[in-house]
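Dear colleague,

Please find the structure below, handed over for your records. My notes on it follow directly after.

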Amino acid sequence: MRRVFYACLSILLVAVSCGPQEHTGRDTIALVKSIAADNTSPDHIMLTGFSKPLSAGNIYVCGTARQCSLIGNAFLESDIFDNVRARSYSDGLKDYAGETFSLVSDVTYTPYSEFAEAYTEEPLRELTVRMALSLLRDKCNMSVYDIEGNASKAPAKLIVLADPWMQRCGKFDIDTLFSLTSCKVPVVSPQDLLFDAAFTGEKKYFNVGLMCDSLSHDSGIYGSIFKDKVSHYKIMGAKYFEAASGISDSGQLEAFLDSYISSGQTEPLDVLLVDDWSVDLDQMRQALNNIRDFSKEESMRYGKCISQDFVIMGSSELTMRECYLLLRKHSMFTHRIALPQLEQYVIMPQPGGEEMQFLLIPGKDV
């Protein structure tokens with residue numbers, strides 16, 4: 001019987017790998033296989049309990065403290081939809097009214113770039129899966145002395161992986177595990193949404209610029225995601241340029257284009273992908289209008305750097321839009337009459353635990 005089960009599991013793994021994942025044909029990690037194979041394990045039983053989308057629960061944002069804070073506060077202020085008909089315009093009401101955003105700041109394993117360099121990708125993939133599992137549980141740790149986990153918490157009904165390293169090292173494995181156990185909790189990656197927006201649809205963008213924060217710039221993570229996406233979508237001849245966001249006298253867009261010019265690039269950019277939630281996208285689009293205005297000085301300096309169809313896409317807008325539509329599509333809104341709110345958790349090392357074992361502790365108790 002066990003041989004038959006493992007044979008079926010292998011077939012399922014191949015099916016998942018060949019589905020709409022980022023790394024077609026990629027094998028998942030041992031932890032995922034173990035949980036999926038043992039339908040008596042606590043994790044397997046928990047996951048199957050999420051076989052239907054739920055309105056109860058919180059929206060969890062997991063990653064570095066800075067990213068969690070930026071994303072959480074952006075969600076609090078989001079008003080890009082008409083809440084009655086879900087049309088794309090502001091109605092003066094918060095999009096996520098009544099929702100609670102649980103920010104899970106990893107203060108133990110970050111920065112993930114150093115973690116990945118010290119080990120290999122597999123430990124970070126395992127860590128990301130274990131984090132996702134911890135968000136689904138209805139228990140957390142009261143303090144660093146509560147190893148068993150005796151505090152109650154709301155489980156996740158939607159998960160946002162805040163850091164690009166989590167997209168690269170873990171999201172595929174979470175998607176695989178959730179698929180194999182019929183867990184319907186959506187998992188959203190801002191970087192997935194950003195690159196997918198560039199490479200899907202009738203218009204595909206081949207000369208791609210990316211703006212990220214200085215902490216992630218030059219780590220190689222975005223270049224790796226770009227290569228994965230190019231391969232996944234079978235894009236031929238795509239080019240990529242990356243620069244860090246920063247303050248300058250001329251503005252964010254102009255500073256990026258100055259870096260592009262300084263690098264010796266001459267081919268017009270088709271799209272600028274912005275993965276820094278602190279950047280004001282409206283100001284950047286106003287700067288773009290000035291560049292396209294032939295009566296302004298900016299058009300002479302920067303006009304040749306952008307194509308006629310050049311657009312600016314931001315992971316912040318795409319993520320808030322995607323989460324709203326997911327909640328609406330699956331009837332997952334709480335419908336409480338209240339402003340959206342934040343709560344804090346931190347990931348701390350488990351005393352005497354194994355390398356990938358950690359505690360999830362409410363922030364106020366740390």
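The model is predicted: local features need pLDDT of at least 70, side-chain atom pairs count only at pLDDT 80 or more, and totals for chains, interfaces and linings use all residues. Residues are numbered from 1 along each chain as its sequence is written, and side-chain values use heavy atoms, with hydrogens and water left out.

Helices (H or I, at least four residues) and strands (E, at least two) are DSSP runs, numbered from the N terminus. Two strands pair if DSSP finds at least two bridges between them. Strand S2 (residues 100-106) runs parallel to strand S11 (residues 341-349), and seven bridges join them; here Ser105 stands opposite Val346. S11 also pairs with strand S12 (residues 358-362), in the antiparallel sense and over five bridges, with Met348 opposite Leu359.

Helix H11 (residues 252-262) has several buried residues, among them Leu253, Phe256 and Tyr260; buried means under 20% relative accessible area, exposed over 50%, and partly exposed in between (1.4 Å probe, protein chains only). The buried residues of H11 pack against elements including strand S7 (207-212), helix H12 (281-291) and strand S10 (306-314). Gly264, with a positive phi near 90 degrees, follows H11.

Gly170 lies in the loop between helix H7 (164-168) and helix H8 (171-180). Gly170 counts as buried because its relative accessibility is 0%. Leaving aside residues up to four places away in sequence, Gly170 touches Arg125, Thr128 and Val129, where contact means heavy atoms within 4.5 Å.

Kind regards
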